[in-house]
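Please read the following with the sequence and the model side by side. The text goes from strands to helices and then to single residues.

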Amino acid sequence: MSNRYHQLKVAVLVTDGFEQAELLEPKKALEAAGATVHILSDKSDSVQGFKHVDKGESVAVDGSLDTARPEEYSAVLLPGGVVNGDAMRLLPQARNFVRAANDAEKPIASICHGGWLLISAGIAKGRTVTSWPSLQDDFRNAGSQWVDQEVVRDENFVSSRKPTDIPAFNNEFMKLLDEQQRREQRQQPSAAGGEESVTEAGGVAGSSQPRLSEKGSAPPAPPAHENEAFAVAHGESPQSDG
């Protein structure tokens, strides 16, 4: 295990119905780099994952969204899954958590249907993002710029479309965590004299422009997959990817 992120704690906001790979693979990469990863949920013991439409692994819950404190975490991870994504956006605790993280300019990484929470929390307006293709109208209606890329970085947001994008998603998220760790290290000695949010380049945070990744090679999902995701969201078919 590396000590790259030994000072960082990452909150994963999730409930039953998450896409398994979109939680477990980033979690594994973060823990291998030394980060502490906590599963925060409205469920008390464990949450149920899915592999596309098949039931997958259950993951133990580390803490409750009712009592979790956003200020104790350095970043937020939002896995996808239609059922999970639709349920999380309805939870006031989850919406408040990501709002607080965004207000503090902490990294927020969303993949697939995990991005729904950004919309419902009211923090997607003016941001450039990607997601599972069926969410693009939701993002545009929320005032976002939606693009079809394997990974997109916009200030403190990182987003991807689906499980096949996870390697690029992890890589970009970890770059953002490198910046967050340097930021926290710079703020520690200035606690007595007041803190100023500083960017990686040394300027005041909030002055950077959105940065987009290079366009990925993965093709967009076919219309049939979008139709399946819509049907699942309305209780008409099994859960789709992400």
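Strand S7 (residues 75-78) sends Ala75 and Leu77 to one side and Val76 and Leu78 to the other, and all of these residues are buried. Buried means under 20% relative accessible area, exposed means over 50%, and partly exposed lies in between, with a 1.4 Å probe and protein chains only. Helices (H or I, at least four residues) and strands (E, at least two) are DSSP runs, numbered from the N terminus. The model is a predicted one, in which local features need pLDDT of at least 70 and side-chain atom pairs count only at pLDDT 80 or more, while totals for chains, interfaces and linings use all residues. Residues are numbered from 1 along each chain as its sequence is written, and side-chain values use heavy atoms, with hydrogens and water left out.

What does S7 pair with? Strand S1 (residues 9-13) runs parallel to S7 and is joined to it by 3 bridges; two strands pair if DSSP finds at least two bridges between them. Within this pairing, Ala11 stands opposite Val76. S7 also pairs with S8, again in the parallel sense and over 3 bridges, and here the bridge partner of Val76 is Ile108. Strands of a sheet pair through backbone hydrogen bonds, either parallel or antiparallel.

A further sheet is open and has 3 strands in the order S2-S4-S5, with mixed pairing. Strand S2 (18-19) and strand S5 (54-60) are its edges; each has a single partner strand, so one side of each is left without a neighbour in the sheet. Strand S4 (residues 46-51) pairs with S5 in the antiparallel sense over 5 bridges, and Ser46 has Ala60 of S5 as its bridge partner.

The antiparallel sense also applies to S11 and strand S12 (residues 157-160), which pair over 4 bridges. These two strands form a hairpin with 2 residues between them, and Glu155 in the turn has a positive phi of about 50°. From strand S11 (residues 151-154), Val151 and Arg153 point one way and Val152 and Asp154 the other way, all of them buried. Arg153 has Val158 in S12 as its bridge partner.

Most residues other than glycine have a negative phi, and most peptide bonds are trans. Glu105, in the loop between H3 and strand S8 (108-111), has a phi near 60°, a positive value in a residue other than glycine. Its relative accessible area is 30%, so Glu105 is partly exposed. Cys112 is in the loop between S8 and helix H4 (116-120), and its phi is positive too, at about 60°. At 1% relative accessibility, Cys112 counts as buried.

Now to the helices. Helix H6 (residues 166-187) has 22 residues and should span 32 Å at 1.5 Å a residue; the C-alpha atoms at its ends are 31 Å apart, which agrees. The expected span is 1.5 Å times one less than the number of residues. H6 is mostly covered, with 16 of its 22 residues buried.

Arg89 sits in the loop between helix H2 (82-88) and helix H3 (92-103). The side chain of Arg89 does make a polar contact of 2.9 Å with that of Ser120. A polar contact is a pair of N or O atoms within 3.5 Å; within protein, one must be able to donate a hydrogen and the other to accept it, and residues adjacent in sequence count only if both atoms are side-chain atoms. Beyond its neighbours within four places in sequence, Arg89 is in contact (heavy atoms within 4.5 Å) with Arg95, Trp116, Leu117, Ile119 and Ser120.

Arg99 lies in helix H3 and touches Ser120, Ala121 and Ile123, residues up to four places away in sequence not being counted.
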